Amino acid sequence: MLATGETEDSKIALAAAQAMLADWKPVASAESLFDNMADGDDSNDYFVVSVRAPDAYDLGHVEGAINIPWKVIADPANLANLPTDQPIMVYCYTGHTGQVAATSLKMLGYNVVNMKFGMMGWPDDDAVLATGRYSAAPDYPTVTG
């Protein structure tokens, strides 16, 4: 049991989540991953996980990344493939499902961040994205103040 001072499961989970989220910086840029990989120091490298579908991973992925689709990231067999002594960076298509995977892993105690903008932030080759780049927002009205 976590030392939260709570006894109900839901309150224990809430207290653990609040403690985990308090100082977590959940997002890192593609540039920071590239710089990390290119700094010549393998001891500080991220363990990179593509949480996209296998067919999207096959179109192209960050060099060295393994593929674990986001919906099964917390399966025990998949968790067994993740290091507990190394930072992990996950990425998806645009950053949204990567954040779901990162949050799940963080709640399980992993040192993890999500790549900002996902694969959209990595290459300039649209063929590896598995989805079209977002080109323009509709002109829906907004309000201020």
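Colleague: Which residues gather in a patch of negative charge on the surface?

Modeller: A patch is built from residues with over 30% relative accessible area and no salt bridge, like charges being joined within 9 Å and nonpolar side chains (Val, Leu, Ile, Met, Phe, Trp, Tyr) within 5 Å. Asp and Glu count as negative, Lys and Arg as positive, and His and the chain ends are not counted; a charge is placed at NZ of Lys, CZ of Arg, CG of Asp or CD of Glu. Here the negative patch on the surface consists of E31, D35, D39, D41 and D42. This is a predicted model, where local features need pLDDT of at least 70 and side-chain atom pairs pLDDT 80 or more, while totals for chains, interfaces and linings use all residues. Residues are numbered from 1 along each chain as its sequence is written, and side-chain values use heavy atoms, without hydrogens and water.

Colleague: Where is D35 found, and how exposed is D35?

Modeller: Helices (H or I, at least four residues) and strands (E, at least two) are DSSP runs numbered from the N terminus. D35 belongs to helix α2, residues 30-38. Areas come from the Shrake-Rupley method with a 1.4 Å probe, and for residues only the protein chains shown count as cover. Buried means under 20% relative accessible area, exposed over 50%, and partly exposed in between. D35, at 42%, is partly exposed.

Colleague: How many salt bridges does the structure hold?

Modeller: The criterion is a side-chain nitrogen of Lys or Arg within 4 Å of a carboxyl oxygen of Asp or Glu. The structure holds one. It joins the side chains of K11 and E8, at 3.8 Å from N to O. Both ends are partly exposed: K11 has a relative accessible area of 40%, and E8 has 44%.

Colleague: Which residues touch the most other members of the largest nonpolar core?

Modeller: A nonpolar core is a set of buried Ala, Val, Leu, Ile, Met, Phe, Trp, Tyr and Cys residues joined through side-chain atoms within 4.5 Å. The largest has 16 residues, and V49, L82, V90 and L105 touch the most other members. Strand β4 (88-91) and helix α5 (96-107) each supply at least two residues of this core. Helix α5 gives the most, with three.

Colleague: What is the phi of F117, and what is that of A130?

Modeller: Most residues other than glycine have a negative phi. Phi of F117 is near 70°, a positive value, and phi of A130 is also near 70°. F117 lies in the segment after β5 (112-115), and A130 is placed in the segment after β5 as well. F117 counts as exposed at 52% relative accessibility, whereas A130 is partly exposed at 39%.

Definitions and conventions
Buried < 20%, exposed > 50% of the residue type's maximum accessible area, 1.4 Å probe, protein only.
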